[in-house]
Structure formats: C-alpha cells, structure tokens
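Please keep the sequence and the 3D view open while reading.

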Amino acid sequence: MLYVSTRNKNLRVSSAEAILQGLAPDGGLFVPESVPMLTESEMLSLCKEDYAARAAHIMSLFLSDFTKGELENYCRMAYSKDRFETDPPAPVVKAGGEYYLELWHGPTCAFKDMALQMLPYLLSASLEKSGSDKKALILTATSGDTGKAALEGFRDVGRTRIIVFYPADGVSDIQALQMKTQKGANVFVQAVLGNFDDTQTGVKKIFSDDELVSDISGEGWKITSANSINWGRLLPQIAYYVSSYCEMAETGEIKIGEEINFCVPTGNFGNILAAYYARRMGVPIKKLICASNENNVLSDFIRTGVYDRNRKFYCTISPSMDILISSNLERLLFDLSGRDDALIRAYMEDLSQHGRYTVAGHIKKAMDGFIWGDFSTERETKDAIKKTWDENSYLIDPHTAVAADVCRKYLKETGDPAKTVIVSTANPYKFCEAVLDAIGVSAGSASGPRGGVGLIDIMRDVTGMAVPEQIASLKNAEIRFDGSIPKEEMGKRVLEFLKG
Ligand SMILES: *Cc1c(COP(=O)(O)O)cnc(C)c1O
C-alpha cells in the first residue's frame, strides 16, 4: 500500500516513508491510497483475539512495509501489562447506562499513549527499512497531552531525540509538571510564550525553514513529527475503535453487525478521524458525534460547511482541545471530496490567506450523512462532570465531559436509539483543579512550580478514586526543564539542543 499527499495525489511514498516524513513536502498530509475493508468473517475472527492481535491485524492492512510478525511483536510490547494497567488496555466501561471507552490507562494517563507507545517502534523500524544512516529528531508541539506521551514513548529509544514545545499558559499544572520532570537522556522540553496555535505554527515554521532543516540534517538528524498529522500516530488509534466494537459484541451489549455511535471530544480532529477510518473499513458505525469546547470551530463547520478560524480563542478547562486549526480535517475532506487534491489545495490556501473556507455542496452533504457536531460551554462541561459524579459515581475529566455533554444533547435532540460510546480521553487526576471545582469542592487555587499536586490528595479523599502511580510520584520528581522563550526563538533552541 502506498501513501499520497492530500495536496498532490501524484506524490506517492511507501508506508515507511510516510511515517518517517510525518508531513508531506508540499504541506499536505499522507493518506493511504485506498482504505482496506474488513469483511464480516474477518471481524468475527478478530473479535476472538486479544487487543494486541487485533491492533496488529488492523495495522498490517495499512503497512505493507512491515510483516505481520513485526507488528504483532510491537503491539505485544506497546500494549503490555507493565505499560497499561488494564486488560484490555482500552476498556469499555458502563456507568449509569452510558458507555465510556477509557483510553487513559497508559503511562501518561491520556489517550495519546495508545498511539505514542506504538509510534517509536514504527519510526525506528521505518528508519532502518529506508536504509537511512540518519537519526530521527522528533519535534512536537503539544496542547498538553501529546508532549508527555511522546516524551514517554521515545525516551531513551535508540537513534532518536525528542524536543517538545508547549504553550506556557495553555496546559494544566499537572500536565506542565509531567513534562518538566520528564526523565531520559534524549529528551528536551521547552515552554513557549503564547497559545497552542502559536506553538504549533512555530514548529511548522521549523519544518519549512530550508536553511534550518539543512543545518539539522548536517548534524546527522532527520526531523519528523509525533503530532497526529503523522500517519503512524493515527493508525494505532483505528485499532481501539475496532476493538471496542468487538468488546461490546463479546460482552453482549450489542449483536455483531449492530450499528453504534461514537462521541469524540475533538481538537486536532485526529481521534475522531481514526473513528472515521474504522467506519470506512466497514465497522458498523452509524454516527460520529464531534464534540467541541468553546473553541467550537469544528462543530460550527460540521453544521454550516464553513470553516472559520477568525474568532476569539478561549483558554478552557479542556486545554487539549483549545485549537482553532484542526490539521487532520484535511484528510477527511480529501476522502469526502473523492480525493480531489486541487480542491483541497484551494481550501488550504483560503485557510492560510483568509482563515476560512467553505466546502462544496457534495462534501457538506456527505458529512451530513454520518457526522453530527455540537459544543459544550465551560459551565455545561462542569455541570456534566458534576452530574456524572452525583448520579453515577463516575468521575470524568473535562475533555471527556465535553463529549458526555454533547452526547446527551445529541440523544435528546435526535432520539437516536443506537448505543452511543463516549470516548474518554484523560484520567481526571490530570485536571484536579477543574474537576474539584466542578464537583463543588473548594480547594483554593494552585500556584508555584508544583501548583496542582496538593489537589491530588484532596481529590482522592473526596472521591476515593485511586491515584495512578505516575501522578502520585510527581510530588517528589525532580524538575529538569523550566523557563519560557518567545516563539521566535524555537528554531534556535532546536540547534542548541542538538549541539549541546
Ligand atoms: C489530544 C486530546 C484530545 C483531542 O484529540 P484530537 O485527536 O486532537 O482531536 C482530547 N482529549 C484529550 C485528553 C487529549 O489529550
């Protein structure tokens, strides 16, 4: 299977190249030339397997440069007991008649682990397969969770170094502390003054700065990205949609073949796009419900067909979704347009020139068939946390709460009888301040470099929910990275790190 750029179908690369490059040289995103279908008998036999085998099978359909044996080997390591505390690593939990797909049982307590425990294997092997003598430099902009998950995934992985930039005032205290205390000899973390879009734009600038890239290359490094624009990030995520469908069928919640919905809290459109691919592969998914926070550029787009980033940017209690440019949407539009690369180029040109574009009628119509979008205000998000806790004794983080709120709105408005799975993306302990506030516990505000850790114990005492070891240990962890830089200095920092 080859991969093409969303902005030029004639630009074809192997799966290993697509993973190595991250972003296509023309600024487009790599997508598989075709989407493999899962037959019903394949689905039935997958459902008899465990998570690692299901994931390896799904990935093998897309990665012709890798053998099934290699992929199975990676999956056994990435989703092993010592990395994920639950079996399966991504269980479906029922609370008060609602279904939650919990994606946060990995090393950093956020759903990004599902992909970022896998990506290092794919990337190292791709480097080998491509015959390159270079080492991989992973450059990542994070709205909070990607950074930590990428650092944890790549730490001390041979032939790699990783640099994570995060917005100084765009992540939670616990998220910042998780990154500042990151261990590993090949890691570097830097806070940037500004919001996530500033940080992401800064990283994209480094990628397109030919002089800088050639300096980096001169030091022996090939730069790549661990953001969800990388196909190697997206692919492992398809697996948990297939696997959770199997799990629901195996536990008798649904009959095989029965259609279900997924409601996904969305930022960069990565997680929900993985659900879209699962649907395209033939998994019986009826509706994808796209849940936005107050930065509701996506849910507006789904309703109107107009993508317009010219709007106020809000810092919300679900910071990993504080995004106005949702990169992965480009992949959906490419597919829905009938792979019309010229049209996608025009939209992306409009987006960069005017901050907006309007999709053609046939694309809007296609979207209306299977996507529904809405958003949750800060007040509604907090109310959703409180309601879920009070009524079902189930504690959810603010990102998951955005999805829970939108899911309830969807069911109320449409009366859809299909079972709907709320995708749960982070452990609530990553967002103690917001969660405690929502359930009505006044804990005072946190400040200082370790602000926020004091709230962990308060939350445990109030809720009785177990504190994951990775979070508990933050109290005493050494701070290795501190201080912020202006975004203009990001490129300079990369070179300093490589030379230092
Ligand atoms: C990254 C993230 C999201 C948004 O996921 P996208 O793939 O960017 O849409 C939602 N919730 C949490 C906790 C996240 O870390």
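## The second largest cavity

The second largest cavity holds about 90 Å³ of space, where a cavity is a set of points, on a 1 Å grid over the protein atoms alone, at which a 1.4 Å probe fits but cannot get out, and lining residues have an atom within 4 Å of a point. Grid points are joined across faces, edges and corners, and a volume is the space filled by probe spheres set on the points. This is a predicted model, in which local features need pLDDT of at least 70 and side-chain atom pairs count only at pLDDT 80 or more, while totals for chains, interfaces and linings use all residues. Residues are numbered from 1 along each chain as its sequence is written, and side-chain values use heavy atoms, with hydrogens and water left out.

The lining of the second largest cavity consists of Leu23, Leu139, Ala141, Gln200, Val203, Lys204, Phe207, Ser225, Asn227 and Ile229. By class, the lining comprises 6 nonpolar, 3 polar and 1 charged residues, where Ala, Val, Leu, Ile, Met, Phe, Trp, Tyr, Cys and Pro count as nonpolar, Asp, Glu, Lys and Arg as charged, and the others, Gly among them, as polar.

Across the whole structure, a search finds 4 cavities of 30 Å³ or more. The largest cavity has about 290 Å³ of space and is lined by 23 residues, with Phe111, Lys112, Gly267, Asn268 and Ser320 nearest its centre. The elements giving two or more residues to this lining are H7, helix H11 (231-250) and H12, and the lining divides into 7 nonpolar, 13 polar and 3 charged residues. The ligand takes up the space of the largest cavity, a molecule being placed in a cavity or pocket if more than half of its atoms lie within 2 Å of its grid points.

Around the ligand there are 15 residues, the closest being Lys112, Asp145, Gly267, Asn268 and Thr425, and a residue is near a molecule if one of its heavy atoms lies within 4 Å of it. This shell is made up of 5 nonpolar, 8 polar and 2 charged residues. Oxygen atoms of the ligand lie 2.5 Å from a polar side-chain atom of Lys112, 2.8 Å from a backbone N or O atom of Gly267 and 3.2 Å from a polar backbone atom of Gly270. The protein covers 97% of the 380 Å² of accessible area that the ligand has on its own, with accessible areas taken from the Shrake-Rupley method with a 1.4 Å probe.

## The largest pocket

A pocket, in contrast to a cavity, is an open set with protein on both sides within 12 Å along at least five of seven lines. The largest pocket contains about 1100 Å³ of space, and of its 39 lining residues Arg7, Leu23, Gly27, Lys204 and Ser208 lie nearest the centre. Among the elements that each supply at least two lining residues are helix H1 (15-21), helix H9 (196-208) and strand E9 (221-225), and H9 gives the most, with 7 residues. The lining divides into 16 nonpolar, 11 polar and 12 charged residues.

## Points in the backbone

The peptide bond from Asp87 to Pro88 is cis, with omega near 0°, and Pro88 belongs to the loop between helix H4 (68-78) and strand E4 (92-95).

Asp156, although not a glycine, has a positive phi of about 60°, and its place is in the loop between helix H7 (145-154) and strand E7 (160-167). Phe269, also a residue other than glycine, has a positive phi near 70° and is found in the loop between strand E10 (260-265) and helix H12 (270-280).

Conventions
Polar contact = N/O pair within 3.5 Å; in protein donor to acceptor, adjacent residues only side chain to side chain. Helix = DSSP H or I, 4+ residues; strand = E, 2+ residues; numbered from the N terminus.
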